[in-house]
Amino acid sequence: MSLRIVVTVKYVPDATGDRHFAEDLTVDRDDVDGLLSELDEYAVEQALQIAENADDAEVTVLTVGPEDAKDALRKALSMGADKGIHVEDDDLHGTDAIGTSLVLAKAVEKAGYDLVVSGMASTDGTMGVVPALVAERLGVPQVTLLSEVSVEDGVVTGRRDGDTASEQLQASLPAVVSVTDQSGEARYPSFKGIMAAKKKPVESWDLSDLGIEAEEVGLEGAYTVVESAAERPARTAGTIVKDEGEGGKQLAAFLAERKFI
Amino acid sequence: MAEVLVYVDHVDGAVRKPTLELLTLARRVGEPVAVALGNGAGDTAAALAEHGAARVLTDDAAEYGDYLVVPKVDALQAAVAAVSPAAVLVPSSTEGKEIAARLALRLGSGVITDAVDLEAGEAGPVATQSVFAASYTTKSRVSKGTPVITVKPNSAAVEAAPAAGSVEALSVTFSDGATGTKVTSRTARESTGRPELTEAAIVVSGGRGVNGAENFSLIENLADSLGAAVGASRAAVDAGWYPHSNQVGQTGKSVSPQLYIANGISGAIQHRAGMQTSKTIVAVNKDAEAPIFDLVDYGVVGDLFEVVPQLTEEIKARKG
Ligand SMILES: Cc1cc2nc3c(=O)[nH]c(=O)nc-3n(C[C@H](O)[C@H](O)[C@H](O)COP(=O)(O)OP(=O)(O)OC[C@H]3O[C@@H](n4cnc5c(N)ncnc54)[C@H](O)[C@@H]3O)c2cc1C
Ligand SMILES: Cc1cc2nc3c(=O)[nH]c(=O)nc-3n(C[C@H](O)[C@H](O)[C@H](O)COP(=O)(O)OP(=O)(O)OC[C@H]3O[C@@H](n4cnc5c(N)ncnc54)[C@H](O)[C@@H]3O)c2cc1C
């Protein structure tokens, strides 16, 4: 039987660019280039490896985001995923984590799945909660923050390196997995992969396709409100000295003056 | 006064510092009621009472250790039902964030993660977050349900505030999903004897410029002279010079110490995301153009193999 894998991938503003908030205190997406969240490349990579090790598997990449979010899907498809799903709707603007997990869970259900693979966190919101939320909504095990993952005979196993201990985990499919950037380098799309991606199917769904009301998502439906966003004041220029043999001593004097010694 | 639930992060009964900080913040919005789960839960009571917990709800079922996350969500849900709190506060560990999010979903509430400060507001607690690699500071609040908020380490001072700390057994019925993800083995991290990275007042980090695992002793010696924790950039971790558990940055630990000393680290955005809120920042780097110098209070342009040993000696001499 075929293993159906859905990878959730987020389209985010480039972290190396100048990220801003718009007037409604949502992320300003017009002013900065977007891309596939780098941490979701690891999710795509692990999904592809799991598929390669299975007899018969299909990898679908799923994104919830504006028109340009198709770029994130294309990148994942050029890495080797089989097809894409783009959930797009004007009413999604300003959706928070609880709302995003609703849309993802409904879309995953509609697509059909045995395994959902996500990144450890987005590179914009960086909450690291969406995979757990999706698992809660689907009522399936969460096997999250894995630095190693494998699937065999309907069972997913993995290693989770926590703050105080490293744990070996195990759950039966269907399940939601998330992987860290320790799980293994993501492959680069080949030229052939990039060309092939152009022909791969991408479905577009809106909220009505998922049976979600506009009020359940977006800024209106959000369970959180951002009251203010202020750019951090630039740090006042520090003292910079060139080491001419006394650099360590000069630094010690600075630390002593600040009472660290 | 309204009660506020505080989820207790502890290791076999030893309460970790971020939980004590949460008790300080909890007192700003209500009366703290602590929830301690798992092996040694009851042993946490004295420390929690010392720092302001009016009540300590405990349950030490084996499920908390044997299965991932969900049993703890079940327990917090039971605690919310028993207490009807004004808010639930959870330390911002990776697990803490997952517990908080799932709890919020069950309660029909919003969740805010990685708050760096918390204050009482007219419409409930207002959380400060430091976002986009600390280039923005936002204030937000939960607008529906019981606010569930996770708070980063080092967000508040630990204050003694003796309270009753009466221990009560929490009665928990586990959900169907509680045993879904089995923990088949667990290897505790070995203690280095140095302070915990996220909790340390001083962090000394090394990057690619350290140029080899063997040279990290230079960084460790400096750290030890200051009683500091040791951090590393991802480049140093990926090269296998230092363990991933010491990585500072977006995909490593986020630290906010009084003093951060970056040695041989260029200051890429993903590294800055994890240390930019440090109060005082110092860097040693031989490249005067390195972006890390944009952040520093004090920077030395020089070879770390010269500067770091001299600094360590000078600190030892000054300490006598
Ligand atoms: C700076 C900032 C702070 C925020 N703070 C909060 C907050 O405190 N509370 C709150 O409720 N919301 C908050 N949000 C909004 C929240 O980030 C978004 O709603 C987001 O869609 C879900 O959280 P995340 O991006 O942090 O995802 P994470 O939980 O970090 O993402 C983990 C994984 O989930 C998957 N995923 C996440 N979003 C999508 C998507 N749109 N499409 C496909 N896959 C996806 C990816 O696989 C990703 O790797 C914040 C947003 C920003 C930009
Ligand atoms: C999705 C993603 C997540 C990431 N997460 C993290 C993260 O959590 N943490 C992190 O750190 N990075 C992270 N990175 C990587 C990050 O982008 C940088 O590659 C990394 O921080 C570089 O480490 P570095 O500064 O040690 O190395 P480099 O950038 O190579 O800098 C080395 C510095 O050492 C200096 N130097 C060399 N020799 C000496 C000497 N003898 N004396 C003094 N100075 C010397 C050089 O001048 C240079 O500035 C992430 C990247 C991605 C894409």
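1. Conventions. The model is predicted, so local features are reported at pLDDT of at least 70 and side-chain atom pairs only at pLDDT 80 or more, while totals for chains, interfaces and linings use all residues. Residues are numbered from 1 along each chain as its sequence is written, chains are lettered from A in the order in which they are written, and side-chain values use heavy atoms, with hydrogens and water left out.

2. Extent of the interface. With contact defined as heavy atoms within 4.5 Å, 78 residues of chain A touch 85 residues of chain B. The buried area between the two chains is about 7100 Å², and carbon and sulfur atoms give 56% of that area. Buried area here is the accessible area (1.4 Å probe) that two parts lose on being put together, summed over both. On the side of chain A, the residues that lose the most area to chain B are A:Asp163, A:Arg235 and A:Phe260, which together account for 10% of what that side buries.

3. The rule finds nine salt bridges between chain A and chain B, a salt bridge being a side-chain nitrogen of Lys or Arg within 4 Å of a carboxyl oxygen of Asp or Glu. One of the salt bridges joins B:Arg234 to A:Asp181, with the closest N and O atoms 2.8 Å apart.

4. Composition of the chain A side. Helix 7 (residues 247–257) of chain A gives the most to the side that touches chain B, with ten residues. Helices (H or I, at least four residues) and strands (E, at least two) are DSSP runs, numbered from the N terminus. The residues of this side of chain A comprise 34 nonpolar, 23 polar and 21 charged. In this count, Ala, Val, Leu, Ile, Met, Phe, Trp, Tyr, Cys and Pro are nonpolar, Asp, Glu, Lys and Arg are charged, and the others, Gly among them, are polar.

5. Strand pairing between chains. Strand 13 (residues 239–242) of chain A pairs in the parallel sense with strand 17 (residues 298–301) of chain B over four bridges; two strands pair if DSSP finds at least two bridges between them. Within this pairing, A:Thr239 has B:Tyr298 as its bridge partner.

6. B:Arg102 and A:Glu136 meet in a salt bridge at 2.7 Å, N to O. B:Arg102 lies in helix 5 (residues 94–107) of chain B and A:Glu136 in helix 4 (residues 130–138) of chain A, so the pair joins two chains. Both residues are buried, where buried means under 20% relative accessible area, exposed over 50%, and partly exposed in between (1.4 Å probe, protein chains only).

7. Salt bridges within a chain. Over all chains, the search of the whole structure finds 32 salt bridges. Among them is the pair of A:Asp114 and A:Arg4, at 3.2 Å, N to O. A:Asp114 is in the loop between helix 3 (97–111) and strand 6 (115–119) of chain A, and A:Arg4 is in strand 1 (residues 3–8), 110 residues apart. A:Asp114 is buried at 14% relative accessibility, whereas A:Arg4 is partly exposed at 34%.

8. B:Glu196 and B:Arg16 form a salt bridge with closest N and O atoms 3.5 Å apart. B:Glu196 is partly exposed at 29% relative accessibility, and B:Arg16 is buried at 10%. Both residues belong to a network of salt bridges that also links A:Asp163, B:Asp9 and B:Lys253.

9. Strand 8 (residues 126–131) of chain B has five of its six residues buried. B:Gln129 is the bridge partner of B:Ala115 in the former pairing and of B:Thr138 in the latter. The hairpin of strands 7 and 8 has six residues between the strands, with B:Gly124 in the turn at a positive phi of about 105°. The hairpin of strands 8 and 9 has four residues between the strands, with B:Phe132 in the turn at a positive phi of about 50°.
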